[in-house]
Amino acid sequence: MSTYKPKNILITGAAGFIASHVANRLIRNYPEYKIVVLDKLDYCSNLKNLDPSRSSPNFKFVNGDIASADLVNHLLIIESIDTIMHFAAQTHVDNSFGNSFEFTKNNIYGSHVLLEACKVTGSIKRFIHVSTDEVYGETDEDALVGNHEASQLLPTNPYSATKAGAEMLVMAYGRSYDLPVITTRGNNVYGPNQFPEKLIPKFILLAMRGQPLPIHGDGSNVRSYLYCEDVAEAFEVVLHRGEVGHVYNVGTKKERSVIDVAKDICKLFSLDPDKVIKFVKDRPFNDQRYFLDDQKLKSLGWSERTDWEEGLKKTIEWYTSNPDWWGDVSGALLPHPRMLMMMPGTERHINGSEEVKGEDSPLTNNQSKMLVPVSEGISGSTHKPSLKFLIYGRTGWIGGLLGKICEKQRIPFEYGRGCLEERSQLVLDIQNVKPTHVLNAAGVTGRPSIDWCESHKTETIRTNVTGTLTLADVCREHGLLMVNYASGCMFDYDADHPEGSGIGFKDEDKPNFTGSFYSKTKAMIEELLKEYENVCTLRIRMPISSDLSNPCNLITKITRYNKVVNIPNSMSVLDELLPLSIEMAKKNYRGIWNFTNPGVASHNEILEMYKKYIDPSFTWVNFTLEEQAKVLAAPRSNCKMDASKLKSVFPELLSIKDSLIKYVFEPNKKVLTD
């Protein structure tokens, strides 16, 4: 039996579960191989999965998407890649029922891009395509012999259909262009590092939390489970001994029903399964059984080493030792999760051409999610994904500005016609507009000030809470990201964040100010939206723009007041920040962001600038918070917001004072001079 020896291997999706174990194993066992990892860091990926390899000289990480032809071609050439192990894919069946087009994009189109790059460069000696046992479809309950590699493909769900489609492309490129392809079809895999949307880690985390274990249907569905290290060894064998043009099942004949898996986990946690197990509605279609014939791979010398009891104990030990590995996974632990297919976030912007080689990454798991552009700077490609925004808040200040920005950037958009509280109208908007993203700038701020909300509480709740929540839910149902232009007026200086200390409230901090009913509704909806993984919340504070005639503009307001307080506050210069929000939408950021310019400015400092640049004769009078309270129906918040996360992603973001000069006062000074 001949043995293949690669030199430079590209592993796609290796910050994910199975591929990370394969990458770590190859890097550890074969220091003479150069391993290049390409991963776009989707929600189920984690750079920490590659920690064992980060310091190895034969390891290189590239943050990017397999769907970027420019990037893939660039890597194959620059890194002299001779071998590809293609793991990158959307894999969770539940997600495929709610967002099947994303599976087509990732699993079929992404694979096609890779194959075409291999054809063009002509340097690939092995292309190992990782597929799934689900392409065979359901196995008869009484079948004694499993599906063999020549069995008919009969996928039954959108996920397995896209994997079967990708296989057809792989086969076609092998036959049409003599691409040296090998395909694997594997059973279910479990073990450390797995994102908890999958059955075993989900049940483990729920058991750790003392929560019910939800079982689809009656739990009689049967699956075969392989421990991750055994599967990594299988890929090591296929890489070195697999024959070009062949398919290999990676499986085990040891089957377990879902109800038995739940009971085994209950036993190890000393839980009563009768009390903990909860039966829930089944999937739209749930295959009863997958059963593989694994003899072909065994003939290459591979065999399963880890029995079920040992593997499950190892897995439970890992999750109990690393409960926060994935950050907040509450959405994945639902009985029927619908995770939005988006990238995990970064604390700094990573350009598509940037590589991380053996160094600690700034990526963390509890922050907002972003999609990183991968073609920029590679070969001058001008291709951009199609966009169309649906904007709510047409008659409002920010909603109007967003429309103008879209016009300037030639981004197709339409304003929503539906009332936010009317779900059916929102669904109709989405069906008619067919947007890629939804921008929500609708809300009640008061007429003319937030004091109005104190006497119109139900109207404020209806729009700020009920309407926003309904829109988020409709967007989630349709697999859409919603950018919510929210408020930062929910924080007030306190003992931990004293005025003048330079300590600001962070993005993850909970609001501490509910002095006004407006702020109370904003805090309420922000807390509720945390349950929606498809929402990007932008906390705008004391908004300012270059339009000094707009009555909503903070500068316009304070220049018309009889008296002003003089307290430093965080503020948002919309001329600079709103275009960044469009970039955040394009790149699918999510989570909560302090959407202010770094630093603080007091009313006096702003009015000094106004006097210097706009009206040298302008004068004003200060008064205290106590005096202010006598003329207001509701208190106002004063605080410093920590904008370091936003600044780390957009390093060009100006401080509040510099931004005021550049975007507000200098342009208006020129206008006045002209």
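Analyst: The open sheet has 3 strands in the order β7-β9-β11, and its pairing is mixed. Strands here are DSSP runs of E of at least two residues, helices are runs of H or I of at least four residues, and both are numbered from the N terminus. Two strands pair if DSSP finds at least two bridges between them. This is a predicted model: local features need pLDDT of at least 70, side-chain atom pairs count only at pLDDT 80 or more, and totals for chains, interfaces and linings use all residues. Residues are numbered from 1 along each chain as its sequence is written, and side-chain values use heavy atoms, with hydrogens and water left out.

The edge strands are β7 (188-190) and β11 (255-257), each pairing on one side only. Neighbouring strands of this sheet are turned by 50° against each other on average, direction ignored. Axes are lines fitted to C-alpha atoms, for helices over the stretch in contact, and angles run from 0 to 180 degrees between N-to-C directions. β7 and β9 (residues 222-227) run parallel and are joined by 3 bridges. Y190 has Y227 in β9 as its bridge partner.

Now the helices. The axes of α6 (residues 199-208) and α8 (residues 258-268) come within 10 Å and cross at roughly 35°. The crossing of α6 past α8 is right-handed, that is, the near helix is turned clockwise from the far one by less than a right angle. On α6, the contact is made by L199, I200, F203, I204 and A207; on α8, by V258, V261, A262 and I265. Contact means heavy atoms within 4.5 Å. The residues of this contact divide into 9 nonpolar, no polar and no charged. Ala, Val, Leu, Ile, Met, Phe, Trp, Tyr, Cys and Pro count as nonpolar, Asp, Glu, Lys and Arg as charged, and the others, Gly among them, as polar.

For context, the whole chain. Its secondary structure comes to 22 helices and 21 strands. Buried residues make up 58% of the 674 residues, where buried means under 20% relative accessible area, exposed over 50% and partly exposed in between (1.4 Å probe, protein chains only). Of the contacts with a separation of 6 or more, 82% join residues 24 or more positions apart.
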